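Dear colleague,

I am passing on a structure for you to look through, and below it I have set out what I found. Please keep it open beside this message as you read.

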Amino acid sequence: NCFIPRADVINGSGDAMKLKRAYIEITNACNLSCPFCVQRHDQARYLDPERFSDILKQVKLFTSYVYL
């Protein structure tokens with residue numbers, strides 16, 4: 001599940017809300033052992049290309065920068 005802000009959400013100036021950047025996690029799989037991270041043993045899931053495309057279409061209304 002992910003939250004995508006609606007295009008009709010506006011900020012105080014009346015302009016469409018603008019994000020500096022958006023981060024999209026395409027997987028919950030991780031092979032690192034960072035000391036600050038909670039180790040989870042959930043089944044690895046990956047974002048399918050169709051869903052990723054849908055998210056990009058929604059996000060492009062709010063930012064020009066998408067990080068994976």
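Buried residues account for 12% of the 68 residues in the chain, and please bear in mind throughout that this is a predicted model. The chain exposes about 6,200 Å², of which 54% is supplied by carbon and sulfur atoms.

Following the sequence, you will find the pattern β-α-β, that is, one helix and two strands. If you take the contacts between residues at least 6 apart in sequence, 57% of them join residues at least 24 apart.

A search of the whole structure turned up one aromatic pair. Its members are Y23 and Y67, which are stacked, with 5.2 Å from centre to centre and 25 degrees between the planes. The pair links distant parts of the chain, since Y23 belongs to strand 1 (residues 22-23) and Y67 to strand 2, 44 residues apart. Y23 counts as exposed because its relative accessibility is 59%, over the 50% cut-off, whereas Y67, with a relative accessible area of 36%, is partly exposed.

The other residue I looked at is T63, which sits in the loop between helix 1 (49-59) and strand 2 (66-67). Is T63 buried or exposed? Its relative accessible area is 5%, so T63 is buried, given that buried means under 20%. Leaving aside residues up to four places away in sequence, T63 touches K18, L19, K20, R21 and A22, and the side chain of T63 reaches the backbone oxygen of L19 at 3.2 Å.

Conventions: Residues numbered from 1 in each chain as written. Predicted model: local features only at pLDDT ≥ 70, side-chain atom pairs only at ≥ 80, totals over all residues. Heavy atoms only, no water. Helix = DSSP H or I, 4+ residues; strand = E, 2+ residues; numbered from the N terminus. Buried < 20%, exposed > 50% of the residue type's maximum accessible area, 1.4 Å probe, protein only. Polar contact = N/O pair within 3.5 Å; in protein donor to acceptor, adjacent residues only side chain to side chain. Contact = heavy atoms within 4.5 Å. Areas by Shrake-Rupley, 256 points an atom, 1.4 Å probe, with all protein chains shown as cover. Phe/Tyr/Trp six-rings, centres within 6.5 Å; stacked < 30°, edge-to-face > 60°.
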